[in-house]
Amino acid sequence: PFIVELDISTYVTAEAAAPPAKKRRAALVLRSQEVKVDFILRAMRALASKDPSGMIEVEEIVDIAGKVGLARDEVDGILTGEKEAGHIYEPKPGVVCFTIPPERAKD
């Protein structure tokens, strides 16, 4: 069996932080989306490492994301955005891959 270990405390803490002053509310929404995207990409890297082909089942991503409270439509939206940005592609329905393998990508 394959176990994915992700430290979700960073993400939960970021979401639970007290809201800043009203002027910065837009930044909080953007930060919140950035945290969600970061979490999904980290989960995808972990999942991609278990298969030499680097293929990741979308259902596995949805399952992991559900454990931190992300809904399927949020995951689908993030995956669509990453596809449009050219970071990932869908070689067949229900499976995604990074365009550049995570071990070669520069963070």
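What follows is a dialogue on reading some features of a predicted model.

Colleague: Which elements does the chain contain, and in what order do they run?

Modeller: This is a predicted model. The chain has 4 helices and 3 strands, and from the N terminus they run α-α-β-α-α-β-β. Of its 107 residues, 28% count as buried.

Colleague: How do the strands pair, and which stand at the edges?

Modeller: The 3 strands form an open sheet in the order E1-E3-E2, and the pairing is antiparallel. Strands E1 (56-57) and E2 (88-92) are at the edges with a single partner strand each, so one side of each has no neighbour in the sheet. E1 pairs with strand E3 (residues 95-98) over 2 bridges; Ile56 has Val96 in E3 as its bridge partner.

Colleague: Which residues of helix H3 are buried, and where do they lie around the axis?

Modeller: The general idea is that an α-helix has 3.6 residues a turn, so residues three or four places apart point the same way. In H3 (residues 58-66), the buried residues are Val58, Ile61, Val62, Ile64 and Ala65. They cover an arc of only 165 degrees around the axis, which puts them on the same side of H3.

Colleague: How many salt bridges does the structure hold?

Modeller: In general, side chains of opposite charge can pair when their charged atoms come close. This structure holds 6 salt bridges. One of them joins Lys36 and Glu74, with the closest N and O atoms 2.7 Å apart. Lys36 is in helix H2 (residues 25-48) and Glu74 in helix H4 (residues 72-84), so the pair ties together parts 38 residues apart in sequence.

Colleague: Is Lys36 buried or exposed?

Modeller: Lys36 is buried, at a relative accessible area of 19%; the cut-off for buried is under 20%.

Colleague: Where in the helix do Arg72 and Asp76 sit relative to each other?

Modeller: Arg72 and Asp76 are 4 residues apart in helix H4, separated by about one helical turn. Their salt bridge has its closest N and O atoms 3.7 Å apart. Arg72 is partly exposed, with a relative accessible area of 38%, and Asp76 is also partly exposed, with 30%.

Colleague: What does Lys83 meet in a salt bridge?

Modeller: The side chain of Lys83 meets that of Glu90, at 2.8 Å from N to O. Lys83 is partly exposed at 33% relative accessible area, and Glu90 is partly exposed at 37%. Elsewhere, salt bridges that share partners join Glu59, Arg72 and Asp76 into one network.

Technical notes: Residues are numbered from 1 along each chain as its sequence is written. This is a predicted model: local features need pLDDT of at least 70, side-chain atom pairs count only at pLDDT 80 or more; totals for chains, interfaces and linings use all residues. Side-chain values use heavy atoms; hydrogens and water are left out. Buried means under 20% relative accessible area, exposed over 50%, partly exposed in between (1.4 Å probe, protein chains only). The arc is that of the directions from the helix axis to the C-beta atoms. Two strands pair if DSSP finds at least two bridges between them. A salt bridge is a side-chain nitrogen of Lys or Arg within 4 Å of a carboxyl oxygen of Asp or Glu.
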